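Biologist: I would like to learn how to read strands and helices in a model. Please start with how strands pair.

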Amino acid sequence: MSGDVFDVIVLGAGAAGLMCAARAGQRGLRVLLLEGADRPGKKILISGGGRCNFTNLQVAPDRYLSANPHFAKSALARYTARDFLALVETYGIAWHEKTLGQLFCDGSAVQIVDMLLAECAKGQVELRCGAAIGGVRHADGLFTVETGKGAVNATKLVVATGGPSIPKMGATGFAYDLARQFGLKVVQPRPALVPLTLGDDDALFRDLSGVANEVVAEAGQSAAKGPKFREAALFTHRGLSGPAILQVSSYWQSGEAVTVDFLPDATAERLIEAKAENPKATVRSTLSATMPDRLAAALADRIGIETAFADTKDKALRAGGERLKRWTFHPTGTEGFAKAEVTVGGVATAGLSSKTMEAKTVPGLYFIGEAVDVTGWLGGYNFQWAWASAVACAQALSE
């Protein structure tokens, strides 16, 4: 054996790693936090447009995707959004609720990173950045981590290196490789909270790049649909984005359709109602009242009704209304991990304790945060999972 010996080594100084290291250190453990990047909390700093959507007041287990939908319940119940908010307020960080329970800093995401570093300092955590990890071994009750600056050892190892989303920030599949090394299964990872690409059949909509409108979107086949999301959809030069689309992307599977309701406040009878209100109006003029004119023109063109309502049969208007309520897109794919905010899949929860995050077959080995097969909705849910899983793990480390 060579190198220092710690009680705990935490790999990854992102949201989960910082929180876990801070809590474990404050519980009297000697903690080493290793980060491959040149500074901690890089993904925190770019989140929420730089203001960090640090949690959500509407957190509930059914807003997370996992092969085991029950796994997240324990940790989320024991460390809630209100608990994290109390910590934020302790540091005097001003915040606001944007929409749908989403909480942001009034100032900057830097405040959240600084808060977590201050918490680590309270726990006398040793932080080493720029620490390239070569490999991990386990023998005689000790985990040995090889770094570019020598080997370090600990009786317990916490893996908080996240998933492969946003590789430009240094993200990799390291956690999955390590899990497999120790005999744990990995649920096939795929990009989530990611823009969708469209093919030639939907080429018309590429001309709408930059146009956004509130819709209700859902993904999946009739037998296995994901939830519906009412938020903005954004047309891009490659396809579809915006909060509503990012949400459904987590549920979308290759080959499936995405259904968009362009009339969230009306029924399929909307065009017939509009005819009664103003027979001289058109589909385009009616839609322009509730959406950008370019989008209204594109939808009217696709529906193929160019005449005034007075010259159009109700049957055609009803069919047009039904299409607007259930407009079907057939994405060709996603923009991949490079544009994905998070990852669906990861270290299989079947091999972990939901109470402690410890590997059932490898005592002393823990996986937390995005590395685990638990993925939240857009809007602060993934940060709350990071905080909650980190606290659950930290409590177990000192017991």
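Biologist: In what sense do strand β13 and strand β14 pair, and over how many bridges?

Modeller: Strands of a sheet pair through backbone hydrogen bonds, either parallel or antiparallel. Here β13 (residues 212-219) and β14 (residues 229-235) are antiparallel and share 6 bridges. Ala-212, for instance, has Leu-234 of β14 as its bridge partner. Two strands pair if DSSP finds at least two bridges between them. Helices (H or I, at least four residues) and strands (E, at least two) are DSSP runs, numbered from the N terminus.

Biologist: Where do these numbers come from?

Modeller: The model is predicted, local features need pLDDT of at least 70, side-chain atom pairs count only at pLDDT 80 or more, and totals for chains, interfaces and linings use all residues. Residues are numbered from 1 along each chain as its sequence is written, and side-chain values use heavy atoms, with hydrogens and water left out.

Biologist: What is the order of the strands in the open sheet of 7 strands?

Modeller: The order is β17-β16-β13-β14-β15-β12-β18, with antiparallel pairing. β17 (327-329) and β18 (333-334) are the edge strands, each with a single partner, so one side of each has no neighbour in the sheet. Helix α11 packs on this sheet and touches β16 (258-261) and β17. Contact means heavy atoms within 4.5 Å.

Biologist: At what angle do the axes of helix α10 and helix α11 cross?

Modeller: Two packed helices are described by the angle between their axes and the distance between the axes. The axes of α10 (residues 293-303) and α11 (residues 314-325) come within 10 Å and cross at roughly 125°. Axes are lines fitted to C-alpha atoms, for helices over the stretch in contact, and angles run from 0 to 180 degrees between N-to-C directions. The contact is made by Leu-299, Arg-302 and Ile-303 of α10 with Gly-320, Arg-323 and Leu-324 of α11.

Biologist: Which residues of strand β6 are buried?

Modeller: In a regular strand the side chains alternate between the two faces of the sheet. In β6 (residues 102-105), Gln-102 and Phe-104 on one side and Leu-103 and Cys-105 on the other are all buried. Buried means under 20% relative accessible area, exposed over 50%, partly exposed in between (1.4 Å probe, protein chains only).

Biologist: Which residue in β6 is the bridge partner of Asn-56?

Modeller: Gln-102 is that partner. Strand β3 (residues 53-56) runs antiparallel to β6, joined by 3 bridges. Strand β5 (residues 95-97) also pairs with β6 in the antiparallel sense, over 3 bridges, and Glu-97 stands opposite Leu-103.
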